[in-house]
Amino acid sequence: MDKGSDEGVAWIRDLYRDEIRSGFLVTAHRKRIWEIELMMLAELERVCEKYGLSYYADGGTLLGAVLHQGFIPWDDDIDVMMPRPDYEKLQEVGPTEFESPLFFQNVYTDGAFYHITKLRHSGTLGLEHPEMRNHQGIFLDIFPLDAVRDGSPHMEKVALIQMELYLLSVQEELYRYLVAHGMKTYISVAAREALLKLPKKERYREYERFQAEHFAESKRLNFFGFELEGRYPHIDRAWYSDTVRLPFEGKTIAAPAGYEPLLHELFGDYHQFVKFASDHNGDTLFSPDVPYTDYYAVLDAKGH
């Protein structure tokens, strides 16, 4: 992607015209959402280049790059992965590197307890959680890629500590219940009590430090949140040993060199053309024109 986000730069062709892609109607409204997301991706690339960080297209974004040389026609966001060490550096520099109208959103910068990082655009609406009043502009999702269970005895123990630290920081009541009912623990009592005295976000910081310290120790990688959901794809670390550039909306996007086996692992026969719910099942309300703050103001005026 070209550096920066100068006004007048058009990332999407025929931005204000509907078009048919792969038999699917892509509206001008959707294309304008994509335009904003590509601008944010360009800014992410600028920061990654400045600090020598790696990112990789992931999930539907990677699939779109391979099959459509751009967005999947019915997709509405960009997902990227970053190896945990690069992700940690981005968390360090992001709050000052990304300037208005962009907002660098994570557990440390916003009231919501996000387990990933998002880039948001303040002049838009990307409403995921109507019950919350945090920043909810159009977004780009950045997932940390962590070491996870790979069958080795060492990583089995590491994974148990990962889970315990996560529960301590995110689901304290559940953690206390499980411990009271005999759950085996791997963190010392003293360390546990010290963690529980910390504010929730500081506990989460300790969890993330642990993930960073053990990143190099597993052959298998995954976003730990997927592990918690019972999604255990075999993602080989070797697939991320190098970066390639794939065509994406007339420019290029970074991808892991092992994108083919990765896509097979994630989607099976990924060349089989199947429409799936990559559009948040329609649950997210998008507008490239209405700021999320204006949306909240209307709700307040109606007494919601």
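In this predicted model, helix α4 meets helix α5 through E164, L167, L168 and V170 on the α4 side and E172, L174, Y175 and L178 on the α5 side. Sorted by class, the contact of α4 with α5 has 6 nonpolar and 2 charged residues, with no polar ones. As for geometry, two packed helices are described by the angle between their axes and the distance between the axes. Here, α4 spans residues 153-170 and α5 residues 172-180, and their axes come within 6 Å while crossing at roughly 125°.

Next up is Y87, which sits in helix α3, residues 84-97. With a relative accessible area of 1%, Y87 is buried, since the cut-off for that label is under 20%. Setting aside neighbours within four places in sequence, Y87 is in contact with M82, H115, I116, T117, I142, F143, P144 and E208. With one of these, T117, there is also a side-chain to side-chain polar contact of 2.9 Å from Y87. As for P256, it is 169 residues away from Y87 in sequence, and the C-alpha atoms of the two are 16 Å apart in space.

Then there is E227, found in helix α8, residues 224-228. E227 has 7% relative accessibility and so counts as buried too. Beyond its neighbours within four places in sequence, E227 is in contact with V148, R220, N222 and Y232. Of these partners, N222 is joined to E227 by a polar contact between side chains, at 2.7 Å.

Technical notes: Residues numbered from 1 in each chain as written. Predicted model: local features only at pLDDT ≥ 70, side-chain atom pairs only at ≥ 80, totals over all residues. Heavy atoms only, no water. Axes fitted to C-alpha atoms, helices over the stretch in contact; angles between N-to-C directions. Helix = DSSP H or I, 4+ residues; strand = E, 2+ residues; numbered from the N terminus. Contact = heavy atoms within 4.5 Å. Nonpolar A, V, L, I, M, F, W, Y, C, P; charged D, E, K, R; others polar. Buried < 20%, exposed > 50% of the residue type's maximum accessible area, 1.4 Å probe, protein only. Polar contact = N/O pair within 3.5 Å; in protein donor to acceptor, adjacent residues only side chain to side chain.
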